[in-house]
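Let's take a walk through the inside of this protein. Have a look at the model first, and then we'll start from a single residue.

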Amino acid sequence: MMQIIPVLDLSKGQVVHAKKGNRKHYRPIQSSLCSSSHPAEIVRGYLELYPFRTLYVADLDAIEQRGDNRSTIQALCLEHPELEIWLDSGLSLVSHYLENQSTCSLRIVLSTESANSAFALASLMTGYPGHPFILSVDYRAGGILGTPKIMQSKDLWPLDVIILNLDQVGTNNGVAFPHELGTENLFDQYNIYYGGGINSPADLMRLKTLGAAGALLATALHEQAINSEDLLSFCQ
(Lines give C-alpha, C1' and ligand atoms only; values in the text may rest on other atoms or scores of the structure.)
Protein backbone atom coordinates (compact mmCIF):
# COMPACT_ATOMS: atom_id res chain seq x y z
CA MET A 1 0.00 0.00 0.00
CA MET A 2 1.33 3.44 -0.93
CA GLN A 3 1.52 5.97 1.89
CA ILE A 4 0.08 9.49 1.54
CA ILE A 5 1.96 12.12 3.55
CA PRO A 6 0.64 15.68 3.95
CA VAL A 7 3.18 18.51 3.89
CA LEU A 8 3.63 21.52 6.15
CA ASP A 9 5.94 24.28 4.89
CA LEU A 10 6.76 26.57 7.80
CA SER A 11 8.04 30.14 7.68
CA LYS A 12 7.90 32.62 10.56
CA GLY A 13 5.42 30.47 12.46
CA GLN A 14 2.94 30.19 9.59
CA VAL A 15 2.18 27.57 6.95
CA VAL A 16 3.06 28.97 3.54
CA HIS A 17 2.12 27.92 0.02
CA ALA A 18 5.26 26.52 -1.55
CA LYS A 19 5.44 27.00 -5.30
CA LYS A 20 8.31 26.05 -7.61
CA GLY A 21 10.85 26.52 -4.81
CA ASN A 22 10.73 30.33 -5.14
CA ARG A 23 10.68 30.94 -1.39
CA LYS A 24 10.85 34.73 -1.49
CA HIS A 25 7.40 34.64 -3.12
CA TYR A 26 5.81 32.21 -0.67
CA ARG A 27 2.71 33.57 1.07
CA PRO A 28 0.56 32.22 3.94
CA ILE A 29 -1.51 29.28 2.73
CA GLN A 30 -5.15 29.78 1.79
CA SER A 31 -6.80 26.46 2.41
CA SER A 32 -10.24 24.98 1.98
CA LEU A 33 -9.51 22.86 5.07
CA CYS A 34 -9.59 25.77 7.51
CA SER A 35 -9.64 29.57 7.60
CA SER A 36 -6.18 29.98 9.11
CA SER A 37 -2.55 29.52 8.11
CA HIS A 38 -1.64 28.61 11.68
CA PRO A 39 0.20 25.25 11.73
CA ALA A 40 -1.99 23.72 14.44
CA GLU A 41 -5.16 24.55 12.49
CA ILE A 42 -3.74 23.20 9.24
CA VAL A 43 -2.73 19.92 10.88
CA ARG A 44 -6.19 19.56 12.42
CA GLY A 45 -7.66 20.18 8.97
CA TYR A 46 -5.46 17.47 7.49
CA LEU A 47 -6.52 15.00 10.17
CA GLU A 48 -10.21 15.79 9.69
CA LEU A 49 -9.72 15.05 6.00
CA TYR A 50 -8.04 11.69 6.67
CA PRO A 51 -6.35 9.96 9.65
CA PHE A 52 -2.83 10.38 8.32
CA ARG A 53 -0.07 8.60 10.25
CA THR A 54 2.83 10.73 9.06
CA LEU A 55 3.42 14.46 8.53
CA TYR A 56 6.25 16.00 6.52
CA VAL A 57 7.46 19.33 7.91
CA ALA A 58 9.90 21.67 6.17
CA ASP A 59 11.31 24.42 8.39
CA LEU A 60 12.13 26.84 5.59
CA ASP A 61 13.69 29.42 7.91
CA ALA A 62 16.10 26.85 9.31
CA ILE A 63 16.90 25.52 5.84
CA GLU A 64 17.82 29.05 4.73
CA GLN A 65 19.57 29.71 8.07
CA ARG A 66 17.36 32.69 8.87
CA GLY A 67 15.98 31.58 12.21
CA ASP A 68 13.87 28.51 12.81
CA ASN A 69 10.46 27.19 13.87
CA ARG A 70 11.54 24.96 16.74
CA SER A 71 8.80 26.16 19.09
CA THR A 72 6.11 25.52 16.47
CA ILE A 73 7.42 22.02 15.77
CA GLN A 74 7.61 21.26 19.47
CA ALA A 75 3.99 22.37 19.90
CA LEU A 76 2.90 20.09 17.04
CA CYS A 77 4.74 17.18 18.65
CA LEU A 78 2.99 17.83 21.96
CA GLU A 79 -0.45 18.08 20.36
CA HIS A 80 -0.02 15.07 18.07
CA PRO A 81 2.24 12.46 19.69
CA GLU A 82 0.53 9.85 17.51
CA LEU A 83 2.05 11.32 14.35
CA GLU A 84 5.43 10.41 12.94
CA ILE A 85 6.97 13.68 11.80
CA TRP A 86 9.47 13.75 8.96
CA LEU A 87 11.45 16.95 9.51
CA ASP A 88 13.68 18.82 7.09
CA SER A 89 15.32 21.71 8.95
CA GLY A 90 18.62 21.79 7.09
CA LEU A 91 21.72 20.24 8.63
CA SER A 92 22.58 22.68 11.43
CA LEU A 93 19.75 21.55 13.74
CA VAL A 94 20.06 17.79 13.25
CA SER A 95 21.99 17.29 16.48
CA HIS A 96 19.54 19.47 18.41
CA TYR A 97 16.53 17.41 17.37
CA LEU A 98 18.16 14.02 17.77
CA GLU A 99 19.53 14.85 21.21
CA ASN A 100 16.34 16.50 22.51
CA GLN A 101 13.70 14.17 21.12
CA SER A 102 11.18 13.25 23.78
CA THR A 103 7.64 14.15 22.76
CA CYS A 104 7.05 12.59 19.35
CA SER A 105 8.31 10.15 16.79
CA LEU A 106 10.68 12.28 14.74
CA ARG A 107 12.61 11.27 11.64
CA ILE A 108 15.20 13.61 10.22
CA VAL A 109 15.22 14.37 6.50
CA LEU A 110 18.66 15.08 5.05
CA SER A 111 18.27 17.08 1.86
CA THR A 112 20.73 17.42 -0.98
CA GLU A 113 19.90 21.14 -1.08
CA SER A 114 21.39 21.59 2.39
CA ALA A 115 24.46 19.40 1.91
CA ASN A 116 27.63 20.68 0.29
CA SER A 117 29.07 17.20 0.00
CA ALA A 118 28.15 13.54 0.12
CA PHE A 119 30.60 13.31 3.02
CA ALA A 120 28.49 15.72 5.10
CA LEU A 121 25.45 13.48 4.72
CA ALA A 122 27.44 10.32 5.42
CA SER A 123 28.98 11.88 8.54
CA LEU A 124 25.58 12.63 10.05
CA MET A 125 24.29 9.14 9.36
CA THR A 126 27.46 7.62 10.82
CA GLY A 127 27.23 9.88 13.87
CA TYR A 128 23.69 8.67 14.65
CA PRO A 129 23.71 5.06 13.42
CA GLY A 130 20.46 4.14 15.14
CA HIS A 131 18.36 6.88 13.57
CA PRO A 132 16.21 6.06 10.50
CA PHE A 133 17.28 9.01 8.35
CA ILE A 134 15.45 9.90 5.15
CA LEU A 135 17.27 11.34 2.14
CA SER A 136 15.58 14.04 0.07
CA VAL A 137 16.95 14.33 -3.46
CA ASP A 138 15.93 17.85 -4.41
CA TYR A 139 15.59 18.35 -8.14
CA ARG A 140 15.19 21.66 -9.98
CA ALA A 141 15.81 23.09 -13.46
CA GLY A 142 17.26 19.90 -14.85
CA GLY A 143 19.60 19.03 -12.03
CA ILE A 144 20.11 18.01 -8.43
CA LEU A 145 20.30 20.81 -5.87
CA GLY A 146 23.44 20.47 -3.79
CA THR A 147 26.31 18.21 -4.65
CA PRO A 148 25.79 16.11 -7.79
CA LYS A 149 28.17 13.55 -6.29
CA ILE A 150 25.30 12.26 -4.15
CA MET A 151 24.08 10.45 -7.25
CA GLN A 152 27.43 8.68 -7.45
CA SER A 153 27.31 7.65 -3.79
CA LYS A 154 24.11 5.64 -3.65
CA ASP A 155 25.77 3.07 -1.42
CA LEU A 156 25.56 5.74 1.32
CA TRP A 157 21.84 6.33 0.88
CA PRO A 158 19.31 5.29 3.53
CA LEU A 159 16.48 3.00 2.50
CA ASP A 160 13.83 5.76 2.42
CA VAL A 161 14.37 8.40 -0.28
CA ILE A 162 12.23 11.38 -1.24
CA ILE A 163 12.39 12.64 -4.82
CA LEU A 164 11.29 16.27 -4.59
CA ASN A 165 10.68 17.96 -7.93
CA LEU A 166 10.73 21.62 -6.91
CA ASP A 167 9.79 22.78 -10.42
CA GLN A 168 6.43 21.07 -9.90
CA VAL A 169 5.76 21.91 -6.24
CA GLY A 170 2.54 23.89 -5.80
CA THR A 171 1.70 23.89 -9.51
CA ASN A 172 -0.93 21.13 -9.81
CA ASN A 173 0.75 20.23 -13.11
CA GLY A 174 0.89 16.52 -12.38
CA VAL A 175 3.67 14.06 -11.68
CA ALA A 176 6.93 14.76 -13.47
CA PHE A 177 9.46 12.25 -12.21
CA PRO A 178 12.97 13.31 -13.25
CA HIS A 179 13.94 10.51 -15.62
CA GLU A 180 17.58 11.57 -15.41
CA LEU A 181 17.59 10.00 -11.96
CA GLY A 182 17.25 6.50 -13.36
CA THR A 183 13.83 5.52 -12.08
CA GLU A 184 14.08 1.78 -12.60
CA ASN A 185 17.08 1.29 -10.36
CA LEU A 186 15.77 3.72 -7.74
CA PHE A 187 12.42 1.96 -7.33
CA ASP A 188 14.14 -1.41 -7.19
CA GLN A 189 16.62 -0.44 -4.49
CA TYR A 190 14.87 2.14 -2.30
CA ASN A 191 11.52 3.13 -0.85
CA ILE A 192 10.78 6.11 -3.08
CA TYR A 193 8.48 8.92 -1.96
CA TYR A 194 7.63 11.53 -4.59
CA GLY A 195 6.62 15.16 -4.13
CA GLY A 196 5.75 17.86 -6.66
CA GLY A 197 2.70 18.62 -8.80
CA ILE A 198 0.41 15.75 -7.73
CA ASN A 199 -3.14 16.90 -8.47
CA SER A 200 -5.42 13.90 -8.89
CA PRO A 201 -6.10 10.30 -7.87
CA ALA A 202 -4.78 9.37 -11.31
CA ASP A 203 -1.41 10.85 -10.35
CA LEU A 204 -1.40 8.76 -7.20
CA MET A 205 -2.21 5.66 -9.21
CA ARG A 206 0.60 6.43 -11.65
CA LEU A 207 3.06 6.62 -8.75
CA LYS A 208 1.73 3.40 -7.30
CA THR A 209 2.15 1.69 -10.66
CA LEU A 210 5.75 2.94 -10.82
CA GLY A 211 6.35 1.30 -7.47
CA ALA A 212 6.49 4.37 -5.24
CA ALA A 213 6.28 3.79 -1.51
CA GLY A 214 4.51 7.08 -0.94
CA ALA A 215 3.50 10.55 -2.10
CA LEU A 216 3.89 13.98 -0.49
CA LEU A 217 0.85 16.23 -0.89
CA ALA A 218 -0.02 19.82 0.03
CA THR A 219 -1.70 21.93 -2.67
CA ALA A 220 -3.92 19.07 -3.87
CA LEU A 221 -5.25 18.66 -0.32
CA HIS A 222 -5.76 22.36 0.35
CA GLU A 223 -7.63 22.78 -2.93
CA GLN A 224 -9.44 19.42 -2.54
CA ALA A 225 -8.22 18.19 -5.90
CA ILE A 226 -7.76 15.05 -3.81
CA ASN A 227 -10.47 14.76 -1.17
CA SER A 228 -11.48 12.49 1.70
CA GLU A 229 -13.30 10.03 -0.57
CA ASP A 230 -10.27 9.80 -2.86
CA LEU A 231 -7.99 9.14 0.08
CA LEU A 232 -10.30 6.54 1.58
CA SER A 233 -10.65 4.79 -1.76
CA PHE A 234 -6.94 4.89 -2.55
CA CYS A 235 -5.62 3.90 0.86
CA GLN A 236 -7.96 1.00 1.56
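Start at Ile198: leaving aside residues up to four places away in sequence, Ile198 touches Asn172, Gly174, Val175, Asp203, Leu204, Leu207, Ala215, Leu216, Leu217, Ala220 and Ile226. Keep in mind that this is a predicted model. Ile198 belongs to the largest nonpolar core, which has 65 residues. Ile198 is also among the residues with the most contacts inside that core, along with Ile4, Leu8, Ile163 and Leu204. There's a second, separate core too, made of 17 residues, and Ala58, Ile63, Leu166 and Leu216 are included in it.

Now for the aromatic rings. The count comes to 4 aromatic pairs. One of them joins Trp86 and Tyr193 edge-to-face, with 4.9 Å from centre to centre and 85° between the planes. Trp86 is in strand β4 (residues 84–88) and Tyr193 is in strand β9 (residues 191–195), so this pair ties together parts that lie 107 residues apart in sequence. Both Trp86 and Tyr193 are buried. Elsewhere, Tyr46, Tyr50 and Phe52 make up one aromatic cluster.

Two members of that cluster, Tyr46 and Phe52, turn up again in the lining of a cavity, together with Pro6, Val43, Leu47, Thr54, Leu55 and Leu83. This is the second largest cavity, with a volume of about 30 Å³. Two elements, α1 (39–49) and β3 (54–59), each give two or more residues to its lining, and α1 supplies the largest share, 3 residues. What kinds of residues make up the lining of the second largest cavity? It has 7 nonpolar residues, 1 polar and no charged.

Notes. Residues numbered from 1 in each chain as written. Predicted model: local features only at pLDDT ≥ 70, side-chain atom pairs only at ≥ 80, totals over all residues. Heavy atoms only, no water. 1 Å grid on protein atoms, 1.4 Å probe; cavity = no way out; pocket = protein on both sides within 12 Å on 5 of 7 lines; lining within 4 Å. Points joined across faces, edges and corners; volume = space filled by probe spheres on them. Helix = DSSP H or I, 4+ residues; strand = E, 2+ residues; numbered from the N terminus. Nonpolar A, V, L, I, M, F, W, Y, C, P; charged D, E, K, R; others polar. Core = buried A, V, L, I, M, F, W, Y, C linked by side-chain atoms within 4.5 Å. Buried < 20%, exposed > 50% of the residue type's maximum accessible area, 1.4 Å probe, protein only. Contact = heavy atoms within 4.5 Å. Phe/Tyr/Trp six-rings, centres within 6.5 Å; stacked < 30°, edge-to-face > 60°.
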